[in-house]
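Biologist: I have not seen this one before. Can you put it up and walk me through it?

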Amino acid sequence: MPFLELDTNLPAGRLPPGLAQELCAAAADILGKPAERVNVTVRSGLPMVLAGSGEPCAQLLVSSIGVVGSAEQNQRHSARFFDVLTAQLGLGPERIVIRFYPLEPWQIGKNRTVMTFL
């Protein structure tokens, strides 16, 4: 069950329509998870500074069970997510940062229990 959280200082009007759906589809493909399990949040217009600059930027947080737990996995994921983000946001890769967090099944609640028991 992947979670993606995209934060950007770009105003909402500069984001492409359907960005959350595009990120959902991309994450499903990149992480090898069904789209119906992917959760995406997009927050725009935030006060942000990246590398000491308030120029347009974005950061993506990707957390999931089992697919973001190694440097090798995340190196592959990073390249593909950067391709999506630079194309969708019109930002250079130096203005984007991605954070990966592995999750355990007991850390995600769903249907009144946790993923461990589903």
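**Salt bridges and sheet**

Modeller: Start with Arg80, which is partly exposed, at 36% relative accessible area. Keep in mind that this is a predicted model.

Biologist: Which residue does Arg80 form a salt bridge with?

Modeller: Arg80 pairs with Asp29, and the closest N and O atoms are 2.4 Å apart. That pair links distant parts of the chain, since Arg80 sits in helix H2 and Asp29 in helix H1, 51 residues apart.

Biologist: And Asp29, buried or exposed?

Modeller: Asp29 is exposed, with a relative accessible area of 51%. The cut-off for exposed is over 50%.

Biologist: How many salt bridges does the count come to?

Modeller: The count comes to 3 salt bridges. One of them joins the side chains of Arg43 and Glu5, at 2.9 Å from N to O. Arg43 lies in strand E2 and Glu5 in strand E1, so this pair ties together parts that are 38 residues apart in sequence.

Biologist: What about Asp7? Which side chain does it meet in a salt bridge?

Modeller: Asp7 meets Arg43, with 2.7 Å from N to O. Here too distant parts of the chain are linked: Asp7 is in strand E1 and Arg43 in strand E2, 36 residues apart. Glu5, Asp7 and Arg43 are therefore described as linked in a network, because a salt bridge is counted when a side-chain nitrogen of Lys or Arg is within 4 Å of a carboxyl oxygen of Asp or Glu.

Biologist: How accessible are the residues of that network?

Modeller: Asp7 is buried, at 12% relative accessible area. Glu5 counts as partly exposed at 28%, and Arg43 also counts as partly exposed, at 31%.

Biologist: Changing topic. In what order do the strands form the sheet?

Modeller: The open sheet has 4 strands in the order E2-E1-E3-E4, with mixed pairing. At the edges are strand E2 (39-43) and strand E4 (96-103), each pairing on one side only. From one strand to the next the twist averages 10°.

Biologist: In which sense do E1 and E3 pair, parallel or antiparallel?

Modeller: Strand E1 (residues 3-8) and strand E3 (residues 58-65) are antiparallel, over 6 bridges. As a landmark in that pairing, Leu4 of the chain stands opposite Val62 in E3.

Biologist: Where do the helices go?

Modeller: Helix H1 (residues 19-31) packs on the sheet and touches E1, E2 and E3. The direction of H1 makes about 135° with that of E2. Helix H2 (residues 71-89) packs on the sheet as well, touching E1, E3 and E4, and its direction makes about 135° with that of E4.

Biologist: Now the inside. How many residues has the largest nonpolar core?

Modeller: The largest nonpolar core has 26 residues, and those with the most contacts inside it are Val62, Phe81, Leu89 and Ile98. E1, H1, E3, H2 and E4 each give two or more residues to this core.

Biologist: Which element gives the most?

Modeller: H1 gives the most, with 8 residues.

Biologist: What does Ile98 touch?

Modeller: Leaving out residues up to four places away in sequence, Ile98 touches Leu60, Val62, Ser78, Phe81, Phe82 and Leu85.

Methods:
Residues numbered from 1 in each chain as written. Predicted model: local features only at pLDDT ≥ 70, side-chain atom pairs only at ≥ 80, totals over all residues. Heavy atoms only, no water. Pairing = 2+ DSSP bridges. Axes fitted to C-alpha atoms, helices over the stretch in contact; angles between N-to-C directions. Contact = heavy atoms within 4.5 Å. Buried < 20%, exposed > 50% of the residue type's maximum accessible area, 1.4 Å probe, protein only. Core = buried A, V, L, I, M, F, W, Y, C linked by side-chain atoms within 4.5 Å.
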